[in-house]
Amino acid sequence: MSTELIGQRETSAAESSWGILSWVTSVDHKRIGMLYILLAVFFLVVGGFEAVLIRIQLSIPNNTFLSPEVFNQLFTMHGTTMVFLVGMPMFTGFSNFLVPLMIGAKDVAFPRLNAMSFWMLPFGAFLLYFSFLTGSAPNAGWFAYAPLSTKPYSLGPGIDYWIVGLIVMGIGSIAAAINIVATVLTLRTPGMSLQRVPLFVWIMLMQAMLIVITIPPLNSALALLCVDRWLEAAFFEPIRGGSALLWQHFFWIFGHPEVYVFALPAFAMVSEIIPVFSRKPIYGYAFVAGSSTIILLLSYGVWAHHMFAVGLGTGANIFFSAMTMLIALPTGVKIFNWTATMWGGSIRFTTAMLFAIAFLIQFVIGGLTGVMFAAVPIDWQMTDTYFVVAHFHYVLIGGIIFAVFAAIYYWFPKFTGRMLDERLGKWQFWLWVVGFNGTFMIQHFLGAMGMPRRVYTYADNPGWALFNGISSFSVIFMVLGTLVLVWNVVKSLLKGELAGNNPWDAYTLEWATTSPPPEYNFKSLPEIKSRRPVWDKGHPELADWKSSKTPEDRGRRPDRAKVCGWTFVTSEAVFFVLLLATYIVFNVRHTGEGPTASTALNVPRTAVFSLFLLASSLTFWLSERNLRAGRHSASIRWLGVTILFGIIFLCGQAWEYAGLLTNDIYIDSNLFASTFFTVTGFHGLHVTAGLVALGIMFVLGRKNYLTKEHSKPFGAIGIYWHFVDVVWIFVFAIIYLGVFQP
Amino acid sequence: MIDSKLWFWTSPVWLLVAVLLIAYLAFARGRSRTQLAIFLLGLFALTMAFVSPVGVLADGYLFSAHMVQHIVLLLVVPVCLLLSLPTKEASKWFDRPRLDRVGRWLSIAAVGWICGVGAMWFWHVPVLCSTAAQRPSVGILRDLSLVLAGIAFWWPIYAPCDRYRLHPLSGIAYLFSACLGCTLLGIYITFYPLTVCPVFASPVDRLGIVNSLYNAGLTPRIDQHLGGLMMWVPPCAIYICSIISLLCRWYSENDYHRETQLISEPIATSGV
């Protein structure tokens with residue numbers, strides 16, 4: 001039995017061709033996925049080139065190849081590029097290409113949003129790299145610690161480009177993640193219960209959810225830094241009452257889960273590759289999937305281990321140390337799962353499998369040094385040395401980039417229809433193993449010997465020149481390996497062996513279609529009765545569902561607009577929580593001169609305007625109810641009232657602002673004013689955005705385009721509108737009523 | 001010397017424990033050995049929350065001890081009570097319309113969430129926190145409300161009848177959001193520059209142990225710091241464990257029919 005899915009989709013002339021315009025205008029998830037991956041590879045080369053320059057500078061002591069300024073710019077751009085322009089797009093690309101195929105869908109849930117998410121990325125990248133042309137690229141490290149990143153210490157526009165570039169890319173990433181969440185939850189083919197999705201899909205779902213909650217803290221921090229730099233507030237300037245540590249907290253609330261944003265997809269990839277080349281199903285599916293969920297939950301609670309050296313207090317250090325050791329457990333479980341999968345399997349040492357095995361070993365090394373850092377005294381000793389550099393490169397390159405290489409060799413046939421050359425692949429593998437371990441293993445020793453990171457040169461201490469020389473020399477192997485990969489890709493694209501549908505005899509649905517897949521993805525799908533439908537189809541006598549039962553699909557799929565609405569609102573909630581936390585931090589105790597909430601704000605007046613905003617939730621609900629019931633004109637009427645109430649609220653805010661400004665209270669007056677204007681300003685911005693959306697709906701409604709069938713997207717806008725109102729309740733309680741004031 | 005002062009062997013909690021134990025032995029028919037063990041564990045936790053140094057120090061001395069007591073009452077004791085109920089007997093109880101109505105009401109996720117997370121926040125409003133520590137009647141009210149709120153909170157996860165339980169994935173969202181709720185409270189208390197609960201900042205030294213506490217490094221500032229961390233990390237660890245149990249439940253739920261069949265069949269219990 002198979003589900004016929006033959007081309008119900010209209011194919012436009014532009015999409016069926018292969019010209020550049022067809023790529024730019026494409027909304028096909030596979031093309032967008034490939035664009036993501038190509039962009040990531042391009043920036044891998046750029047970021048790699050920056051790394052090569054850094055290593056040339058460090059190859060001998062007291063080198064003057066790079067000036068200190070350029071060195072700072074290079075390591076900042078190297079880190080930023082690798083995180084935001086290589087890691088994020090690489091995995092989003094794989095996710096985009098593979099997730100819909102693996103769940104038997106025709107595309108992602110929101111194809112146009114998908115295209116927008118992608119194009120935000122080159123736009124952000126352009127902003128970031130344009131900074132070089134201004135003569136002052138960002139130079140405060142990828143973590144941009146305050147107060148170094150504030151105006152008094154970084155006068156040039158570099159940090160500004162960094163901020164704007166990251167915000168643009170962050171918005172794109174969140175949109176892409178929302179799309180993946182909605183796709184997995186709503187578009188699974190019949191039979192595929194959530195407990196049956198391939199591990200890649202489940203883990204990428206977890207990763208997408210993690211992105212949704214982990215990027216907003218960065219956006220909050222960037223917004224505050226923007227206000228600091230452009231409007232002369234002092235959130236992060238201790239000299240004017242701000243807190244440099246607040247930046248560190250916000251940055252690492254983002255930064256630590258970000259590590260798992262990279263690690264989870266690597267886990268996802270090897271969880272598909274190792275079973276296929278071991279000819280066995282994964283050992284302990286539920287453990288791998290469940291532990292990924294636990295990682296998602298725990299990753300949010302360990303950020304302060306990046307801050308052991310700043311003096312949080314023994315209590316905090318102990319708790320965060322314990323939490324950090326805890327998170328090693330769900331990661332460690334997976335290592336056993338993968339090893340146990342290989343145990344007793346008939347292993348095929350293809351290039352993909354070799355990279356996956358190297359991933360296992362190197363990731364364990366990176367993980368173990370990570371556990372060492374969880375012990376506070378070791379952290380104190382080793383922090384800001386090359387030991388840290390070695391540790392995270394073992395995680396990020398030895399682990400994650402190796403997994404990406406494995407994935408490239410494994411899925412290249414599906415992407416292009418041609419096999420990569422295995423002989424060249426093995427050359428690349430060994431060059432990278434030697435180059436990577438040669439470069440970074442020795443940095444552990446340099447770190448233990450006390451060599452500090454982020455310093456452009458070093459004195460000729462005993463052993464340092466030799467070790468640095470070895471480290472820099474080994475980079476050549478990685479460069480050669482990369483050239484081999486590029487050559488391999490070009491050669492294979494031109495005259496590689498044809499792949500066929502399923503060259504690896506793999507298990508998951510993407511292998512049930514042609515290579516490359518047609519635009520509509522599948523002509524027909526096998527019946528889904530287990531986690532390995534393609535295996536079941538190819539080996540009916542050994543089908544998984546005969547030996548092990550998995551929970552049946554009950555056919556429930558949530559509405560995609562609703563999922564999108566809720567996911568977006570979750571992300572926004574995190575953003576506001578951090579802004580409100582900032583308000584509380586700076587306004588618990590009034591110190592110094594200037595206005596305060598109790599002296600500057602007119603609470604009763606704002607309370608009246610707040611009632612309008614709250615009432616607008618009610619009127620929206622009435623509008624929605626009428627729309628669902630098919631009472632069109634009543635729905636439009638209530639929608640109009642909603643918009644009117646929203647506008648009245650904004651007028652109230654404008655009145656309040658005008659009053660403050662005429663009393664000489666500006667955003668840079670003091671920290672109360674800065675936090676007040678920032679929080680209420682962002683809320684006002686959200687209300688305005690909501691009004692624009694409602695206005696569009698109103699116009700559509702007046703032209704009779706808004707009908708009962710549109711009640712679901714309309715409801716999604718409603719989720720946003722109610723959310724904006726709920727946020728205001730908190731804003732009002734915290735700022736106007738001062739519930740956290742003593 | 002100090003050690004003996006730190007135990008409150010004559011606590012009235014023994015009475016409550018005795019009543020609960022008798023009621024359990026009398027009414028919870030068909031319980032398994034494990035369920036009895038869980039119940040006894042719950043009673044032990046309840047007793048220790050008042051009799052041990054945690055209870056004594058929570059009574060106006062240490063904010064961090066107060067937090068431990070708070071967590072035990074809100075998150076540990078109620079879980080034990082719910083898990084100790086024998087499924088078959090409990091489903092008989094909840095077949096009665098009135099109890100069923102209560103069960104269904106408690107199974108509304110928002111109710112449990114607001115009770116659980118709300119109780120945490122509510123009792124840390126500075127005035128209420130101090131009053132509860134100073135006035136025994138308010139203190140009893142607080143402790144009782146914590147246990148009841150805890151039962152309401154855990155009901156959608158560990159209710160004795162399946163029909164009251166949330167779908168495991170919704171349960172995970174429920175627990176994770178609760179974890180964020182207590183994390184925020186924990187962060188707030190940990191980094192709050194002023195005293196959250198003034199009574200602990202200047203304890204009435206009825207046992208003469210304040211100096212030794214301060215000498216041991218438990219000054220009010222550090223104490224509050226630890227209290228905040230107690231609110232932050234251990235509850236999240238409990239939620240994570242519970243999430244693991246939900247994941248196990250979710251992955252082991254084979255097909256729906258088998259599940260319902262199991263419920264309708266009499267379940268053999270070893271009986272104690």
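**Exercise 1. Burial and overall dimensions**

Task: State what share of chain A counts as buried in this predicted model, and decide how its radius of gyration relates to that of a compact globule.

Solution. 
- Start with burial. Of the 742 residues of chain A, 53% count as buried.
- A compact globule with 742 residues would have a radius of gyration near 27 Å.
- Compare. Chain A has 27 Å, which agrees.
- Along the principal axes, the C-alpha atoms of chain A fill a box of roughly 75 × 70 × 50 Å.
- Finish with the contacts. Take those in chain A between residues at least 6 apart in sequence: 82% join residues at least 24 apart.

**Exercise 2. Elements and domains of chain A**

Task: Count the helices and strands of chain A, then describe how domain 1 of chain A meets domain 2 of chain A.

Solution. 
- Count the elements. Chain A has 23 helices and two strands.
- The domain assignment places domain 1 of chain A at 30-547 and domain 2 at 569-736.
- Locate the centres. Over C-alpha atoms, those of domain 1 and domain 2 of chain A are 37 Å apart.
- Count the contact residues. Domain 1 of chain A brings 19 residues and domain 2 of chain A brings 15.
- Assign the domain 1 side. Here α7 (199-231) and α8 (244-278) of chain A are the elements that give two or more residues.
- Pick the main contributor. α7(A) gives the most to this side of domain 1, with nine residues.
- Sort by class. The side of domain 1 of chain A that touches domain 2 has 13 nonpolar, five polar and one charged residues.

**Exercise 3. Where chain A meets chain B**

Task: Describe the side of chain A that touches chain B, by element and by class.

Solution. 
- Count both sides. 20 residues of chain A are in contact with 22 residues of chain B.
- Name the elements. α9 (285-298) and α10 (314-342) of chain A each supply at least two residues of the chain A side.
- The largest share, six residues, comes from α9(A).
- Sort by class. The chain A side divides into ten nonpolar, six polar and four charged residues.

**Exercise 4. Cys115(B)**

Task: Is Cys115(B) buried or exposed, and which residues does Cys115(B) touch?

Solution. 
- Cys115(B) is in helix α8 (residues 109-122) of chain B.
- Apply the cut-off. A residue is buried if 20 or more other C-beta atoms lie within 10 Å of its own. Cys115(B) has 23, so Cys115(B) is buried.
- List the partners. Not counting residues up to four places away in sequence, Cys115(B) touches Ala149(B), Ala152(B) and Phe153(B).
- Check one separation. Cys115(B) and Ser32(B) are 83 residues apart in sequence and, C-alpha to C-alpha, 30 Å apart in space.

Definitions and conventions:
Residues numbered from 1 in each chain as written. Chains lettered and ligands numbered in written order. Predicted model: local features only at pLDDT ≥ 70, side-chain atom pairs only at ≥ 80, totals over all residues. Domains from an automatic or database assignment. Contact = placed C-beta atoms within 7 Å. Helix = DSSP H or I, 4+ residues; strand = E, 2+ residues; numbered from the N terminus. Nonpolar A, V, L, I, M, F, W, Y, C, P; charged D, E, K, R; others polar. Rg over C-alpha atoms; globule rule 2.2 N^0.38 Å. Buried ≥ 20, exposed ≤ 12 C-beta atoms within 10 Å, placed from the backbone.
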